[in-house]
Structure formats: C-alpha cells, structure tokens
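Reader: I am new to this one and would like a friendly tour. Could you show me the structure and take some questions?

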Amino acid sequence: STQNSVMNSDAPLQHSLFIRPRADLSYAVKKAKNISVGVYLDHEVNSITNKATKHLQSNSYLWQNYGIYLKSPDTMRNQFTLEAKLRMEQRADSTAFAKPFFYGQSVSTTGRITTLKNQALNWTATYRYAFNSDSIHAANYNRHYYLGRIDYSITALKGFLRSTTLYEISSGREQKIQVSYQQSPTNTGDYIWKDANDDGIKQLDEFVVSPFKEDTTYIKVFTVTPESLPVNVASFTQTLNVNPATLLGKNASRAARFFAKFSAFASIEVQRKSFASKSSSVANVFNPFPVAFSNPSLVSLTHSSRAS
C-alpha cells in the first residue's frame, strides 16, 4: 500500500511545501503459516523557503524511516512481530537540506502466547542505537536505549489461585543533583561538621547527623543541575489472589460455605534505578532487587507491598 500527502502554500514572504509519502509492501508466505515479510518507508519533508533570499528557514526539517518486518497473521493464536528500522533526520542548510545529523537504528519485537492452558504470556522488547552529531543535544541523549516488558499470568484450580508477574527494564536519563551543606540561619539544622582529617576543609563525608542542637548546625541542600546522566531501571511486580469460593460445590458443608466468604490478596512491587556505566555488571542492570545499599551507582530503590 502507498499513501502520499502533499500541501503547497504561498504567502507574501515565503513558500511552504509539506510532503508525507508512505509505502508498505508485504508478502504472506503460505508455507510458513501465512507469516508476512514486509518492507516500508515513511518520510516527512517540511520546507519553508524565504522568497527574497531563496534560503530555507531554520524551522524546515526532513526525516526518513526505513524498515523491514516479520509479522504473524491475525488468525494465528500466538502472535508476534519482529522489526528493524533506520531513522535519519536533517536540518535546513542554506538552499537545501544538510546531511543527516541524527541516525537511529532499532530492533524490536512484540508478541503473546495464549495456547498454554490457563496461562498467558505477553512481551515487548526494543533496542535502539542512536548517533546525534549535535553536541548540544547529544550530551543529554542516550546512545544506547532499551525497553523490555514481560507479563505472565496464570489461573489455577478453577480460579482459586490467580497470579500475575510483571518484569520491566528500561534505560533513560536522570538529572544530576548536587548535594551541599549550608549553615542554618536559625541554628535548627540536623547536621554538624567534624573535621575527620584535621585539614580545615569542609568535605561532604565529614557532615554527620547532630546528636544535639549545637551552634554550628547545618542543613542539607539538594540542587538540581542541568546535566543529566544515563540510568538503568528494573522493576518487578507480583500479585496473588486466592478465592476459595470458586471451589465451592453444591453439596459443600456449612463450614466450607463460611470459609468461602473470605478471599486473600497480596502484591509486592520493587523498582531499582542505577547509573549506567561501561563497568556495570549484568546484575546491576537487570536485577530489580538490591545488591548492595552502599553501591555508589544506586540512584533510588523503591518498594511497596499490600495484603488484604
């Protein structure tokens, strides 16, 4: 299939041209259960030309997407897709578009399995490598990016037991926070300075919680800086439902009917965020549970649980 959108407009000082061509070609392989093999392209060109100078204005842009994919038919019970994509972006340079300043290459897959008895498995995963030659924006742009999610659910004993497990990983950026200690103007700070090495210089690790309210008390100050650093995020969620009423038969005793009125629910959620580095171990990247609380790469660790 193909699709092409074109808008051409004139104004007293400028001429605008917007083009959005799209094309998707696929072939269903009958010997492979009608799995489709396809290629596609998706472009967008927005050129705004100054009539006097014949130059493209700075808000002109051009981007291109090219991709190939494998996809299961809608009639297949277990679904999946596998896709590889290349993206390029260009800016205006005088009377034409400059060479691409951004390249992005990605591989992704999604799918679900429903043929397992009383079970369901869904997944999605994406990996992208991006190169941005713009030094201003590249500093706050992840060159390696990934996102993954696995969702598994099971129902056992006619619904007596229901369990859902969710595992997610992703990468992103976290704004850098600068920690400092300042003397409290009202002497109501929580920290004091102890010159551990007797050098007369206040260092961050020399500020400790004050056991008493002294004259030289300090407060901890957090300052958000414009710099951001790459982080890895891993989270795990588990829920469990127990419902005895589903096992209740027609000839159940009075005691069984009484206990069938009760049900139980429990859930736990853990999320671990850590700074990314080349020396990061696999456990540090994909493990949502704490490895060591003193780990300097640890950004945050959150935990919540509920039971009823």
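Predicted model: local features only at pLDDT ≥ 70, side-chain atom pairs only at ≥ 80, totals over all residues.

Reader: How many salt bridges does a search of the whole structure find?

Author: One example joins the side chains of Arg 149 and Glu 168. Another is formed by Glu 89 with Arg 87. Searching the whole structure gives a total of six.

Reader: Which residue meets Lys 51 in a salt bridge?

Author: Lys 51 lies in the loop between strand E3 (35–50) and strand E4 (61–71), and its partner is in strand E1 (residues 2–10), so the pair ties together parts that are 41 residues apart in sequence. The N to O distance is 3.2 Å, and the partner is Asp 10.

Reader: Is Asp 10 buried or exposed?

Author: The relative accessibility of Asp 10 is 57%. Exposed means over 50%. Asp 10 therefore counts as exposed.

Reader: Is Ile 192 buried or exposed?

Author: Ile 192 sits in strand E11 (residues 191–193). Its relative accessible area is 5%, and the cut-off for buried is under 20%. Ile 192 is therefore buried.

Reader: What accessible area do Val 37, Leu 70, Leu 82 and Val 107 have together?

Author: Leu 82, in strand E5 (residues 79–93), is partly exposed at 40% relative accessible area. With Val 37, Leu 70 and Val 107, Leu 82 forms a nonpolar patch on the surface, and together their accessible area is about 300 Å².

Reader: Which residues are linked with Arg 20 in a network of salt bridges?

Author: Arg 20 belongs to a network of salt bridges. The residues linked with Arg 20 there are Arg 22, Asp 42 and Glu 44.

Definitions and conventions: Residues numbered from 1 in each chain as written. Heavy atoms only, no water. Helix = DSSP H or I, 4+ residues; strand = E, 2+ residues; numbered from the N terminus. Buried < 20%, exposed > 50% of the residue type's maximum accessible area, 1.4 Å probe, protein only. Patch = residues over 30% accessible without salt bridge, like charges linked within 9 Å, V, L, I, M, F, W, Y side chains within 5 Å. Areas by Shrake-Rupley, 256 points an atom, 1.4 Å probe, with all protein chains shown as cover. Salt bridge = Lys/Arg side-chain N within 4 Å of Asp/Glu carboxyl O.
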